[in-house]
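We start with the chains, then move to their domains and finish with some helix pairs.

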Amino acid sequence: MAQVCYGYYKDTKIDNRGKDRSEWTESPFKTPDEYRDKPLKVFIDWDGFLVFDESADILAALANYMLEISGHGCCGRCFPGRVGTRLLAEQLMKMRAGACENSDIEKTVEMAESIFNSAKCTVAPTSTIPVRLFLTHFKDQITKQVNKDGMEFYRKVTAPCTAGCPANVQIPEFIEQIKDHRYMEALATIRETMPLPGVCGRVCPHPCEANCRRGLVDDTPVSIMVLKRAPWDFEYYNNKTPKLPEKAADKGKKVGIVGAGPAGLTAAYYLALMGYSVKIYEWMQEPGGMVALGIPDYRQPRHLLRREVDIIQSLGVEIEYGKKLGDEKDDITIEYMKKNYDAVLVTIGAWKSRDMGIEGEKEGYDGVFASGIGFLREQAEGKDTGVKGKKVVVVGGGNTAIDCVRVAMREGSTDVNLVYRRSRAEMPAEPWEIDDAMEEGVNFHFLWNPTRIIAENGKVVGVEVVEMVLGEPDESGRRKPEPKAGSEKILPCDVIIPAIGQFSDLSFLTEKDGIAVTKWNTFKVRDDLYDTTDPKVFSAGDCEWGPMTVVKAIGAARWSAIMIDRFLESGAPYLTEQETLEVSLYKNKVFDKAEKVCELETPTIHRTHQAKMSGEDRRNNYEEVERSFTLQQAYDEATRCLRCVRMAMVGLGTK
Amino acid sequence: MAEIIINNKPYSFSEGESILDVANRNGIKIPTLCYLKDITPTGACRLCLVEVEGADRLQAACVTYAMDGMKIDTENERVWANRKQMLDFILIKHPLDCPVCDKAGECELQNTAYEFGMMEEIVTSDKPKDPVVKWNKIVYNQNLCVLCEKCIKSCHEMTGCSALKMEDRGFFNHVTPSRGDTLKCDFCGTCIDRCPVGALLDAQFHHAARVWDLENTVTSSVFSPCGEQVEYGTMNGQIMRATAVGSGQISSSDRFAYKYLDADSRALNPAINGTDTNWDEVTALLKGKIAGLKGSEVALIASASLTNEAYAAYKKLMTSIGSSNYVSETDLYYGDFYKKYAEKFGTMENIGTLDDVADSDMIFVIGADLRRECVGVKHKVMNAVIKNDALLYTVGTRKYEYDSFVAKSFMAEYGDFAGALEIVKQDAPAPKPSSNPKVIEVENDPERYIPAHLAKAKKVTVIVGNEYMQSGSPAEAVLAFCDFIGQDKLKSVIVLNDQVNYMGAIVAGFMGGYTAKQLESDLNAGKIKLLISAGFNGVKSCPHAKSLEAAFSKAGTFVAVDLFKDGSAKNAQVVLGVKDSLETVGTFTTLDGRLVPVNRVVMAKGTQKTHVQTAAYLGEIIGSDVNSCAYETFKSEVAPIFGAQDMEMGEVDGHIAKVKTNRWEKTAYAYAKPAEKECIMPINPRYHTNIMTAKSYLPATEEHREFHFPVVAEKVTCAECADIAKGVLCVTKEF
């Protein structure tokens, strides 16, 4: 970890100038001390600056930071941002050349303060922070003799929401484009890092919104997810031909992908754009993976998902259906993929369900479903689930459990129940999903746990449940439920659907494959590089990270595509200097609740809500529950964005 | 009620209003440079910074919503220090060559700097030195540009052209054409009018005159039937430039075409057989030829761009000699259509108003090339799309330049508009039987078809234009389409015409009686002893116009009352030079039936009379009494049509509208597919009106270069341009 000589960061001055290296302070910004083998000398961001080498030319670094802010970091769409930062950079260059008097320094600080006070977004104001901290607290350093050998500078523009999004969508940019009524441009911005905006505009749990600073001002963050959907829906409903980036020249290499879920599709999209010929093998008869067969149509209409896949396939991506990865008995093997492709990406998801581990689960009773996702899949494939007119109990507290009860409702079950062993607060399902299910008439039974399935003549007639009490927090941080002795009772029912979690089935892997698996039954890959223990085989998505969100799979898959490209172009995956900075920023988190910068923005109009069908209207059909924003709604909501864009920069020594 | 406190005084507001909105409404002055009420606020200039209690940083009033209880200070020292700093940022990088800048005298930056009392730059820095570029009729000086984005946003949000964009980031960003390296837009110049500095200039005005030397006169557009107000700046009796008034918009013709007044072919005096003469000689000649003619022996065809008073005077002339043989040129191109239109609606007037168009939530543009036929209507359509979430559908022989704002464009292949309308009406096809009936395919999604949206629409507009008329598609097809939309939803029907006062001719009774066809046959039968052409010039590519003009020679005497000696006047025995609408006073009727004023901008340079005076003059010779005063003609003939008997002509301001009524008869129609045959579609040269094109009245010499636009392609089909429908050959319309 890097050691700081001097600097000012998050209200703390660090000054170890003249001291021995061993006495330097550990960097408050977690960063490697080398970026692609080049020593880190200076780090500058919106919280201040850090110098890791006493002789580093900090004035050059600050001037360069301001120049980069002026020429790139700032969008140039406000006067102080566009011109003010430029003038500030020019002033710093004058200082470095020694052509500066005390009054010039004061003038520069004044100018910096004015930019801070006035600019439109956060880039220009935050960029003045390190400059002002330096000129105020390290004035003596201005005239110090430093090593004027060149440094290499790398910068990264980001925002709290962007950093909070696993796919790193440039959220402030596309929101700005919506505000300008430029929907197709907004969509192009989203597609730079997210090729499934229609899906993620509908089903994403939107961690970006938890990182939205509007939420600190108004209590409600910007409705980023629904805004993301707006331009995609505009393209679709207005019959526009998608404008995708130009494909790079054919690289003459083939990448084989296993699994046409969000991860596989995402990687295919970016690899195709990079000029690779891409083929996906999919074990089901339909693209989309868990999105198609695990997320019901009232949340993600299938024809819209198919359209999204068609757009990706318009780049020449081939998908072959009905091909399952496994051992010799199955359709394709790792060996086959390696033989036929220059690189292989495995994105097979997590389709195996956990057992409840209770009596009666495995006896083959009529009315016991093997798993929640199995139940959802039957429905999604158009089969008769057989729950019509039945009393159904779903066990579990995640989004899959919620989808199961809502589908059971729509399939015509007369009485739908969800049994969860903890309280509502601990439910992993998104709170709005729980509300939606409640509105549709699902009965929730919190702090109950099934203990035994009761059957008569091979047919389920009920389930025995026990009441639970919450004890001490367990390793997940949630309070551990304990059964309350003697509280058993019987919940009569005809159907039981366990939906308590999934994992990847990697049982087909053999030692001969040479691919390591983690203790969580996922592919073992190198951090940020996505290669498995076989250099030719990469993995991303649920089978690499464990069951997680669509957006997480998309984010990982895009990175894996970049790494596959590096592997094929230069023999091994690596992070560039800029990517090292980017990843460091994400690991340090950009969103900071305590951040003082520009915090006291004024409150604004209320969060806009999209039209939604009532519980009564939607409970018996698969029509999409939530509608798009109208364009006026999208504009109104977009104006709530605070544009928290900011830039970080590193100065590196040349090797 | 919700209130905000500005400078210690409470003001009420409604949700969604900005601090600036509230301040402007209450006369509290907050400086701005990038704010325009008609576009989304940009928040670029930061001159509207105000202090909001509780907020650390200053807030831009234009983009900060008013919230209940908010306390705002618009005037304190901190606010002003920062506003001045913002202006300083601009001035440090803005060339201070005001003495040679065309904007001087009306430059917002100059005025603001003066008001702010800016004396010197706090730091010095190099001024930018980028080359000045010319995008066809518009000059862009990047050095002067302050990046306020008014041009980009007004082009995108008001004109539908979206011809400008911002390129690069930060200090290097600049305004540039969206497509290609020059502008290929409507050249309405909305951007020029909005530019606060001298960055965007009208190429014709560039270095032509100082603004303080101009004498300014406002009149209604003499090109557009939408009644746009145009301010002409004149110097020494010459028009130097034209601009929109206030927040208005004008067309390229308004802005750039005024030079036609000085064309060499202008008829400044009367002429006999092509030779200029004086009025006495013409009077003597005409007396001998036409005095005492019977009414039925006299016919008159009028252009669709005369003033209301001219129509009234000519009508008076005809009726007083007992002739009903007068007709508007519109009958030649739209006569058959209007006959059926009138059978359906009981009127030839348009239904609804331009405001209704702007307020619609669903618009069908059917066979109308708005850019070339009437850009004023396009501006209303764009207003509906941007400000009212309207769904816009085009049915045309092409995709138009505003296609990115169109929900779906339907192509009239082989010019078969009726067939295209059948497709418009279609609902989603029923899904094919599949293993999973709950899942549909994209082509079965009803939300991608019109009926689902029509069911939700509240206010629908149909616009039918010249392309439709030229295609030969049956009128019944589009009239039946009106039935498909339904009387309860269809609030405006606009039959579009590119002539400024076609509606004036309709309300004056120049349509629906005598027809152009009848005129041609009467001429050929030798029944017409005197033919008066009041400014009529047929479209050369129209065969009906051609045969009619050929028949003119059969008239005993052919008198052309015309601006120009060429065109149809070329074959007239007598040409009576006439004053243009820019050289006289009067009124026009807009396409939605409003009265708008025509004011004299320049004095005519010859001995011509006005049309009203000419009618009176001819009346005197034939032996009838026609008033030669436009003011009196207005009062006695025009005002009553508008139910404004007490109004004087000088009071006309665009607010008086004719009370309109219409019926609604169902149109019987069944589509039959015509044979597939190439459809030749004459289209107006981009900057039409027969003036500001390659066919300009000014010779295409280097001296007049600014007044010409090249006609880029004479002939285009789908083979050359994917945006053109199959089986359609677009050719430049000849005048």
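Let's begin with chain B. It has 735 residues, and a compact globule of that length would have a radius of gyration near 27 Å; chain B comes out at 28 Å, which agrees. Keep in mind while reading that this is a predicted model. Along its principal axes, the C-alpha trace of chain B spans about 85 × 80 × 50 Å. As for secondary structure, chain B has 21 helices and 30 strands.

Now for chain A. Here the secondary structure comes to 23 helices and 24 strands. The globule rule gives 26 Å for the 655 residues of chain A, and the radius of gyration is 28 Å, close to that value, so chain A is as compact as a globular protein of that length. Its C-alpha atoms fill a box of roughly 95 × 55 × 55 Å, again taken along the principal axes.

**Where the chains meet**

How many residues of chain B are in contact with chain A? The count is 56 residues of chain B, in contact with 48 residues of chain A. On the chain B side, the elements that give two or more residues are the strands β3 (49-52) and β4 (59-60) and the helices α2 (77-92) and α4 (150-159). Of these, α2(B) gives the most, with six residues. Sorted by class, the side of chain B that touches chain A has 25 nonpolar, 16 polar and 15 charged residues.

**Domains**

For chain A, the assignment gives domain 1 (3-155), domain 2 (161-243 + 606-636), domain 3 (254-351 + 504-574) and domain 4 (353-502). Between the centres of domain 1 and domain 3 of chain A, over C-alpha atoms, lie 43 Å.

Two packed helices are described by the angle between their axes and the distance between the axes.

| Helix pair | Angle between axes | Distance between axes |
|---|---|---|
| α17(A) and α18(A) | roughly 20 degrees | within 10 Å |
| α13(B) and α16(B) | about 15 degrees | 9 Å |
| α2(B) and α3(B) | about 135 degrees | 11 Å |

Take the chain A pair to begin with. Helix α17 covers residues 399-410 of chain A and helix α18 covers residues 431-439, with axes that cross at roughly 20 degrees. That angle makes α17(A) roughly parallel to α18(A). The crossing of α17(A) past α18(A) is left-handed. In this contact, Asn399(A), Ile402(A), Val405(A) and Arg406(A) from α17(A) meet Glu433(A), Ile434(A) and Ala437(A) from α18(A). By class, the residues of that contact are four nonpolar, one polar and two charged.

Next comes a pair in chain B: helix α13 (residues 417-425) and helix α16 (residues 475-485), packed at an angle of about 15 degrees. α13(B) and α16(B) are therefore roughly parallel to each other. Here, too, we have a crossing that is left-handed, with α13(B) passing α16(B). Phe417(B), Ala418(B), Leu421(B) and Lys425(B) in α13(B) meet Ala477(B), Val478(B), Phe481(B) and Phe484(B) in α16(B). That contact has seven nonpolar residues, no polar ones and one charged.

The last pair brings back α2(B), the helix that gives six residues to the side touching chain A. Its partner is helix α3 (residues 108-116) of chain B, and the two pack at an angle of about 135 degrees. Are they parallel or oblique? That angle makes α2(B) oblique to α3(B). The crossing of α2(B) and α3(B) is left-handed. Lys84(B), Leu87(B), Ile90(B) and Leu91(B) of α2(B) meet Leu109(B), Thr112(B), Ala113(B) and Phe116(B) of α3(B). The residues of this contact divide into six nonpolar, one polar and one charged.

Terms used:
Residues numbered from 1 in each chain as written. Chains lettered and ligands numbered in written order. Predicted model: local features only at pLDDT ≥ 70, side-chain atom pairs only at ≥ 80, totals over all residues. Axes fitted to C-alpha atoms, helices over the stretch in contact; angles between N-to-C directions. Helix = DSSP H or I, 4+ residues; strand = E, 2+ residues; numbered from the N terminus. Parallel < 35°, antiparallel > 145°, perpendicular 65-115°, else oblique. Left-handed = near helix turned anticlockwise from the far one by under 90°. Contact = placed C-beta atoms within 7 Å. Nonpolar A, V, L, I, M, F, W, Y, C, P; charged D, E, K, R; others polar. Rg over C-alpha atoms; globule rule 2.2 N^0.38 Å. Domains from an automatic or database assignment.
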